[in-house]
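Welcome, and thanks for taking a look at this one with us. Here is a short briefing to read alongside the model, grouped by topic.

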Amino acid sequence: MAAESGDGQAQPGQARLEIKKGFPRSAFGSSPSRGRHQRPGKAVSAVSLVQTLMTLFSWFELIASGLITGGIYALVALGLNLQYGLMRILNIAHGEFLMLGAYLTWMAHAVWGISPLLMVPVSFLVLMALGVLIHKLCFRRLTATSPNLDIFEARGLMVAFGLMFLVQNFASFMWGGDLRGYDYLTEPVKIGEAQFAGNKLLVFGLALLFSGALIALLRFTLLGKGVRALMQSPTGAQLVGIDTQRLHPLMFGIGLGLSGMAGCLLSMAYTITPSMGEPYTVTALIVITLGGFGSMSGALAGGLLLGVIEALGMHFTNPSLKALLSYSVFIAVLLLRPRGLFAK
Amino acid sequence: MAEPLLQARDITVRFGGLTAVDAVSADFHAGELVGIIGSNGAGKTTFFNAISGVIAPTSGRLLVTGRDLAGQGPHRYAGAGIARTFQTPRVFPDMAVAANIDFGLKFAGRKRKGSWHLRDEGSILELIGLQAQAALPAGAITPSQQRLLEVGMALATRPRMLLLDEVAAGLTEAEIENMAQLIRRMRDELDLTVVWIEHAVTTLLRHVERVIVLHQGRKIADGTPAEVVRNAEVIEAYLGDEMTESVA
Amino acid sequence: MNDRQVLIRDLLLLLAFAGWALALPHYGSEFVVSMALTCLMYVALSSSWGLFCGSTRYLSLATSAFFGIGAYTSAIALEKMAWLESIALGAGIAAVVAVVMGAAVLHLRGTYFAVLTFGMTELIRHAVTYFEKKVTGTVGRVLTVVPDRDTIYLTVLGLAVLAVFVSIVLRRSRFGLALMGIGADEQRAQTLGVNTRLIKVAGFAMTAAFAGAVGAAMAVRWTYIDPHTVFNPFIGFQTVLIALIGGAMTLWGPLIAAIVFSVLAETLRLQAPQVYMMSLGLLLILSVLYLPGGLASLRWATFSGWWQGSRGWLRSLGSEERKNG
């Protein structure tokens with residue numbers, strides 16, 4: 001009957017979970033209608049049991065929200081990884097195409113009333129076509145004229161730099177700098193005691209789906225095997241007949257398509273501005289560093305991991321430290337484990 | 001015998017799970033003309049990389065006139081008088097041939113004393129026979145000329161010991177003879193110790209006085225060419241009859 | 001032209017440039033002087049950037065970090081120190097930070113280095129913002145001690161001339177040769193006796209010192225600075241763009257490009273700032289693709305080469321049509 005002594009004392013972790021601002025609505029704490037015997041022992045044990053369950057759900061919500069953001073990170077990072085791992089093109093304009101996908105979806109929805117869900121494959125295809133075009137116009141020439149790999153990488157980086165300027169300001173020019181957005185599936189969905197916005201769940205689900213699809217494509221199809229062969233040994237792959245000329249633009253396009261699709265998904269739940277892309281480029285860079293350059297499953301794991309780290313970090317420290325935290329993780333990994341967290 | 005120029009003591013180089021060089025010890029004295037042979041993957045180039053500072057050995061000591069340089073950067077080795085060439089000639093393609101030579105003179109060669117033949121870029125160009133190409137960009141000369149330029153660049157650091165990594169590869173018979181003459185000249189007139197890795201065993205054995213044989217990272221023989229070709233272990237590891245024929 | 005004649009020519013050009021810039025405030029309007037000031041700022045920034053990053057091909061995106069460090073230094077130091085001393089202090093602190101950053105980061109290959117310097121710049125920016133929010137409580141600083149316009153102009157002019165002068169001198173020195181060797185083949189240069197680590201850190205610190213000095217000088221123009229303005233990554237981006245388009249490996253390229261872009265920026269800025277930025281991006285892409293040596297490497301031969309190339313391209317289009325038709 002009597003409660004264990006230490007039970008009523010909330011552990012430090014618990015207490016912080018409860019009192020921190022912005023923490024989900026789980027209403028534990030004093031509930032006047034508890035109306036029980038005044039025997040502290042029994043009340044305390046019942047309350048603390050509920051508290052523990054509540055805390056578990058709060059943790060769940062926290063981590064889950066981290067995973068949701070992480071899912072998007074993974075999707076964007078996969079595209080970037082494909083481009084760098086295969087072609088050594090470090091596309092720092094990647095996030096700008098995400099932004100284009102978001103704007104495209106918004107325009108389709110606001111101007112023509114097309115459902116954002118429909119825009120998911122459309123934005124993928126449009127951005128993929130754009131990617132193929134960009135590769136043919138810009139990067140193909142670089143492959144032909146660069147004397148060695150280091151110079152090619154440096155020049156590729158510079159071209160991507162230029163693209164970043166071009167695309168970001170084009171968007172600013174076309175659509176103005178005002179924040180835009182629309183509502184879509186905003187009703188909350190409950191899982192247990194935790195709540196999530198419907199659209200964010202959808203975003204997460206689709207992000208995971210497409211990430212998984214890409215990884216499956218690379219692992220199980222002939223095309224995918226060709227790509228992986230190219231990544232490991234460019235000359236060897238060409239010797240066995242894999243067509244680099246057609247594969248590179250296609251893969252670049254797919255990478256950009258993934259980015260655009262991520263933008264479309266993001267537009268469902270977040271605001272859209274011309275500068276929204278850049279943080280995602282940076283985050284994608286951090287993710288592929290964490291996961292190891294060239295590793296697809298590493299990018300997926302790294303993305304989810306980063307999302308969770310950010311969520312936990314923001315919660316336990318200070319939201320304005322989020323950027324600081326991300327960059328610190330990034331620099332630390334690049335310096336200490338440059339082959340990625342998961343490298344053997 | 002005087003103190004050796006370079007003493008390699010139990011040099012081991014490991015890459016992850018692979019042991020490329022396994023506890024190799026060797027002494028190199030002033031004025032020697034030594035060859036290093038071994039089949040592909042025997043660890044020759046890795047050993048070179050270790051004794052020139054390009055790779056830090058996983059363990060072992062490298063004493064250059066008494067000082068242990070293991071783990072230090074290549075520029076320290078160059079400063080201590082150990083120069084090397086690379087298997088594929090690594091010249092500075094956009095700079096003129098003369099400027100390529102001048103580079104070494106301006107850096108490691110600055111504080112080092114060298115023979116009369118290494119007094120300036122003109123004399124080095126004369127030594128290697130590239131005076132006519134002096135003003136051409138290094139990227140524009142033929143591969144065998146680039147080989148010679150490689151040697152010239154190494155000489156410009158006024159070394160005491162020169163490591164040559166497969167300088168004869170891909171050359172014609174006449175060019176190989178030329179190269180071999182140059183190498184002999186370097187040892188005789190410039191007072192250099194020359195260590196020469198070569199895949200073409202027959203060529204090497206004709207010109208060197210001492211041979212070190214590496215096999216799967218270990219040193220399995222170290223002696224005169226005549227001794228080495230009769231060494232049972234070497235014969236077993238290598239080609240056997242071909243070597244005996246060429247030396248006999 | 002032999003080497004000595006080139007040196008004299010370069011020094012004379014620099015003198016002429018300095019003279020013209022000196023005379024400008026006396027007959028130019030307020031607007032022109034302001035434009036010239038920005039131009040001189042970028043001459044200093046991109047020339048010093050190009051000297052190190054152009055030769056070694058380690059593309060540093062950290063210019064904004066050093067600029068901001070210099071700005072904050074002068075904002076704090078001006079209350080206690082003289083003008084020139086504050087500038088020197090800004091340069092010094094930026095150089096020290098560069099040594100620390102460089103020692104940690106310069107052993108990495110080109111692209112990693114670029115990305116890392118960008119990450120560190122953003123890290124510094126967010127760190128300063130956070131520090132201000134938590135510790136000082138206020139965001140930004142107001143500069144109370146502000147020298148007159150002419151002093152600022154002369155200082156920035158001096159820095160620009162110094163940057164080009166240092167470029168002229170160092171390119172002819174062993175240090176400049178070492179930088180070129182590092183850019184051409186770093187390992188080879190090492191085996192020829194170059195202490196690449198030391199040289200790289202020194203070069204990096206030099207660019208940082210210039211950026212810090214320029215930041216320290218320009219801070220007073222704004223009278224109120226905050227992390228968002230002085231650590232703005234765009235300053236670093238524009239420096240890099242200007243140096244690359246002008247020709248990072250050349251002496252006069254960054255200067256020429258700085259002038260061109262300052263004019264472009266001011267003319268387009270009021271009507272359509274985005275068009276200016278878009279053109280920057282487009283020009284960079286075109287320059288990397290078709291003119292890797294930058295504007296300074298433009299020769300008559302280049303134009304005829306382009307003419308041939310485009311004719312060949314047109315011809316190939318025509319033959320394709322005939323094939324498909």
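Chain C is split into domain 1, residues 3-293, and domain 2, residues 301-325. Between the C-alpha centres of these two domains of chain C there are 41 Å. Please keep in mind that this is a predicted model.

**Where chain A meets chain C**

- Chain A brings 32 residues to this contact, and chain C brings 31.
- On the chain A side, helix H4 (116-145), H5 and helix H12 (322-336) each provide at least two of the residues that touch chain C.
- H5(A) accounts for the largest share of that side, with 17 residues.
- Sorted by class, the side of chain A that touches chain C has 23 nonpolar, five polar and four charged residues.

**A helix pair across that contact**

- Helix H5 (residues 149-175) of chain A and helix H5 (residues 110-136) of chain C have axes that come within 9 Å, crossing at roughly 30°.

**Where chain C meets chain B**

- Here 13 residues of chain C are in contact with 18 residues of chain B.
- The side of chain C that touches chain B holds four nonpolar, six polar and three charged residues.

**The nonpolar core**

- The largest nonpolar core has 278 residues, and the members that touch the most others are A:Val203, A:Leu265, C:Leu40, C:Ala44, C:Val156 and C:Val214.
- Helix H8 (residues 196-222) of chain C gives the most to this core, namely 15 residues.
- What does A:Leu265 contact, once its neighbours within four places in sequence are left aside? Its partners are A:Ile72, A:Val120, A:Val203, A:Leu206 and A:Ala207.

**The four-stranded sheet of chain B**

- This open sheet has antiparallel pairing and runs in the order S2-S1-S4-S5.
- S2 and strand S5 (67-68) of chain B are the edge strands, each with a single partner, so one side of each has no neighbour in the sheet.
- Helix H1 (residues 44-51) of chain B packs on the sheet and touches S1, S2 and S4 of chain B, with its direction at about 120° to that of S1(B).
- Strand S1 (residues 6-15) and strand S2 (residues 18-28) of chain B are antiparallel and joined by seven bridges; B:Ala8 stands opposite B:Ala26 in S2(B).
- Two residues lie between the strands in the hairpin of S1(B) and S2(B), where B:Gly16 has a positive phi near 60°.
- S1(B) is also antiparallel to strand S4 (residues 59-64) of chain B, with five bridges between them; B:Arg9 has B:Arg61 in S4(B) as its bridge partner.

- Strand S3 (residues 33-37) and strand S9 (residues 210-215) of chain B run parallel and are joined by four bridges; B:Val34 has B:Arg210 in S9(B) as its bridge partner.

Note on methods
Residues numbered from 1 in each chain as written. Chains lettered and ligands numbered in written order. Predicted model: local features only at pLDDT ≥ 70, side-chain atom pairs only at ≥ 80, totals over all residues. Axes fitted to C-alpha atoms, helices over the stretch in contact; angles between N-to-C directions. Contact = placed C-beta atoms within 7 Å. Nonpolar A, V, L, I, M, F, W, Y, C, P; charged D, E, K, R; others polar. Domains from an automatic or database assignment. Pairing = 2+ DSSP bridges. Core = buried A, V, L, I, M, F, W, Y, C linked by C-beta atoms within 7 Å. Buried ≥ 20, exposed ≤ 12 C-beta atoms within 10 Å, placed from the backbone.
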